[in-house]
Amino acid sequence: MPDYVRLMRHEDIDQVFEIDREAFPTEWPPPNFKRELENRLASYIVACNAAELTEETEETEEIRPQSGLKSLLSRVSRLFIPDRLPDSKWSAKGGEHVTGFAGFWVMADEAHITTIATRQANRRQGIGELLLQSIIDMATRREVRIITLEVRTSNTTAQQLYTKYGFTQVGLRRGYYIDNREDAIIMSTNHITSPSFKAQLKEIREAYTKKWGPDRYPMGT
Ligand SMILES: CC(C)(COP(=O)(O)OP(=O)(O)OC[C@H]1O[C@@H](n2cnc3c(N)ncnc32)[C@H](O)[C@@H]1OP(=O)(O)O)[C@@H](O)C(=O)NCCC(=O)NCCS
């Protein structure tokens with residue numbers, strides 16, 4: 001059963017809210033996901049594990065023949081549907097279990113990760129990495145130069161994830177978090193299209209596929 005990432009939809013909000021409260025119980029008020037989905041600067045994605053996914057076969061295509069123009073339009077539209085399943089040969093027949101989510105804003109040539117969380121029961125299964133890979137891919141397609149974020153000084157788990165993907169500390173915001181006045185570490189990548197960043201990412205991805213197998217689909221692959 002593949003894990004994949006797609007754009008968040010309104011019908012995901014209940015599950016995302018559950019994950020958000022579990023991950024950030026002290027952060028109040030909780031994010032308004034409905035409003036965020038309408039924010040043109042923001043992109044939100046979810047990692048899913050579909051209850052039942054079926055692979056579309058050549059036969060399925062043949063059962064529903066289309067006229068030349070209709071077929072061409074359908075093929076072209078597939079290329080531009082942003083939240084299609086990553087490799088577009090999968091279709092979800094059952095419900096989708098949301099295992100994680102993430103959001104980022106793009107402003108000028110910078111993407112800023114606003115949130116990322118994995119459902120507690122699904123942690124340490126490579127979901128956080130899948131989401132981060134998806135953000136990097138989406139940012140690269142939007143010609144973003146760097147990706148930044150803030151993380152609590154005490155959150156060494158998340159810091160390890162970011163460090164693995166080439167983020168380094170570039171600053172500190174004192175008393176940034178309202179709940180306990182904790183400091184935030186500001187982390188940033190180097191230029192994400194630089195040969196060194198790309199080479200590092202390629203290596204991490206190869207190790208990821210080796211560890212988790214080929215049935216994992218970051219957004220847009
Ligand atoms: C941070 C978080 C998103 C990681 O998600 P995850 O799906 O468990 O992460 P993955 O399984 O993809 O792990 C990837 C990497 O993260 C780091 N990591 C994850 N869990 C870790 C842990 N318990 N201890 C140390 N490192 C950890 C490791 O570098 C790991 O790579 P490795 O397996 O090669 O060691 C998750 O712990 C979470 O939701 N935390 C609560 C919300 C949060 O703090 N979000 C970040 C806000 S800035």
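Analyst: The ligand is surrounded by 18 residues, and the closest are Thr118, Arg123, Gly128, Glu129 and Leu161. A residue is near a molecule or strand here if its C-beta atom, placed from the backbone, lies within 6 Å of it. Helices (H or I, at least four residues) and strands (E, at least two) are DSSP runs, numbered from the N terminus. The most comes from α6, with 5 residues. Sorted by class, the shell around the ligand holds 7 nonpolar, 7 polar and 4 charged residues. In this sorting, Ala, Val, Leu, Ile, Met, Phe, Trp, Tyr, Cys and Pro count as nonpolar, Asp, Glu, Lys and Arg as charged, and the others, Gly among them, as polar.

Some background on the model comes next. It is a predicted model, in which local features need pLDDT of at least 70 and side-chain atom pairs count only at pLDDT 80 or more, while totals for chains, interfaces and linings use all residues. Residues are numbered from 1 along each chain as its sequence is written.

The hairpin of β5 and β6 has 2 residues between the strands. Ala108 is in the loop between these strands and has a positive phi of about 55 degrees although it is not a glycine. Most residues other than glycine have a negative phi, and most peptide bonds are trans. Ala108 counts as exposed because it has 7 C-beta neighbours inside 10 Å. The cut-offs are these: a residue is buried if 20 or more other C-beta atoms lie within 10 Å of its own, exposed if 12 or fewer, and partly exposed in between, with C-beta atoms placed from the backbone.

β6 also pairs with β7, in the parallel sense and over 4 bridges. In this pairing Ala111 stands opposite Ile147 in β7. Together, β6, α5 and β7 make a right-handed β-α-β unit. A crossover is right-handed if, with the strands pointing away from the viewer, the path from the first strand over the helix to the second runs clockwise. Glu143 is in the loop between α5 and β7; its phi is near 60 degrees, a positive value in a residue other than glycine. Glu143 is exposed because 10 other C-beta atoms lie within 10 Å.

Two residues are in contact if their C-beta atoms, placed from the backbone, lie within 7 Å.

These strands belong to an open sheet of 8 strands with mixed pairing, in the order β8-β9-β7-β6-β5-β2-β1-β10. Its edge strands, β8 (168-173) and β10 (216-217), each pair on one side only. Strand β7 (residues 146-152) is joined to strand β9 (residues 184-188) by 5 bridges, and the two run antiparallel; here Val151 stands opposite Ile185.

Pro29 lies between α1 (13-23) and α2 (33-38), and the peptide bond from Trp28 to Pro29 is cis, with omega near 0 degrees. Pro31 lies in the loop between α1 and α2 as well. Not counting residues up to four places away in sequence, Pro31 touches Asp20, Glu36 and Thr115. Pro31 counts as partly exposed because it has 16 C-beta neighbours inside 10 Å.

Conventions:
Pairing = 2+ DSSP bridges.
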